[in-house]
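I opened this model to see how its parts are put together. My notes follow, in the order I looked things up.

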Amino acid sequence: MEQCLKKSIEQYRGIIDHAQHLEGLLQDADPALLQAYTEKLQQLQDDAGLNDELVFDLYSSDADYWKQHPLFIERAQLLEQIVELNHLLLPRIRGIMAVIASELAQIKSGRTAVAGYHRPATTVPVAAREVG
């Protein structure tokens, strides 16, 4: 069980370290970097989830003992840090998404306006040749 807890702690530290890069990525707003960040975060979370299944199985066998274990307490503190990071970053991400959605709506509206614009036909006949 201690090995599972140590691995879980290592995984959650990795998630926190990775999450701390998001602030800089949000400032740059590079879609390719954000996509790579998201994929890496998903992989880290999936890996932690697999290990957590083992932790929960072992924890349920003697919850009173394990919830007082120093490694379990450390793991719980890391999870609290992740929740706190989410609370800090989610409003910022939602704000950025709202701005992008607004910009996309403006672009779409501009395209519709441009598509509806037609050059007026000239009423003055244009001579094919000059007389002279």
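Predicted model: local features only at pLDDT ≥ 70, side-chain atom pairs only at ≥ 80, totals over all residues.

Before I read off a fold pattern I need the rule for a helix: a DSSP run of H or I with at least four residues, numbered from the N terminus. Read that way, the chain goes α-α-α-α-α along the sequence. I get five helices and zero strands.

**Whole chain**

I checked burial across the chain: buried residues are 23% of the 132. The exposed surface comes to about 10,200 Å², and 57% of that is from carbon and sulfur atoms. For contacts between residues at least 6 apart in sequence, I find that 75% link residues at least 24 apart.

**The core**

Which residues touch the most other members of the largest nonpolar core? I get L5, Y12, I15, Y37 and V55, out of 23 core residues. At least two residues each come from α1 (2-19), α2 (22-28), α3 and α5. The top contributor is α1, with seven residues.

I then picked I15 and listed its contacts, skipping residues up to four places away in sequence. I15 touches L41, L44, Q45, A48 and I82.

**Helix α3**

I looked at α3 next, since several of those contacts carry numbers inside its 31-61 range. α3 has 31 residues and spans 45 Å from first C-alpha to last, close to the 45 Å expected at 1.5 Å a residue. Its buried residues are Y37, L41, L44, A48, N51, D52 and V55.

M1 sits in the segment before α1. What does M1 contact beyond its neighbours within four places in sequence? I find V55, L58, Y59 and W66.

**Aromatic pairs**

I went through the rings and counted two aromatic pairs. One is Y59 with F72, which is stacked at 4.8 Å centre to centre, with 5 degrees between the planes. Y59 is in α3 (residues 31-61) and F72 in α5 (residues 70-115), so this pair ties together parts that are 13 residues apart in sequence. Are these two buried or partly exposed? Y59 is partly exposed, at 22% relative accessible area. The cut-off for buried is under 20%, so F72 at 13% counts as buried.

The other pair is Y65 with W66, and this one is edge-to-face: 4.8 Å between centres and 80 degrees between the planes. Y65 is partly exposed at 45% relative accessibility, whereas W66 is buried at 11%. W66 already turned up in my notes as a contact of M1.

**H69**

Last stop was H69. Where does H69 lie? I place H69 in the loop between α4 (63-66) and α5. H69 has a relative accessible area of 9%, so I log this residue as buried. Its side chain makes a polar contact with the side chain of E2, at 3.1 Å. Leaving out residues up to four places away in sequence, H69 touches E2 and L5.

Note on methods: Residues numbered from 1 in each chain as written. Heavy atoms only, no water. Phe/Tyr/Trp six-rings, centres within 6.5 Å; stacked < 30°, edge-to-face > 60°. Buried < 20%, exposed > 50% of the residue type's maximum accessible area, 1.4 Å probe, protein only. Polar contact = N/O pair within 3.5 Å; in protein donor to acceptor, adjacent residues only side chain to side chain. Contact = heavy atoms within 4.5 Å. Areas by Shrake-Rupley, 256 points an atom, 1.4 Å probe, with all protein chains shown as cover. Core = buried A, V, L, I, M, F, W, Y, C linked by side-chain atoms within 4.5 Å. Expected span 1.5 Å × (residues − 1).
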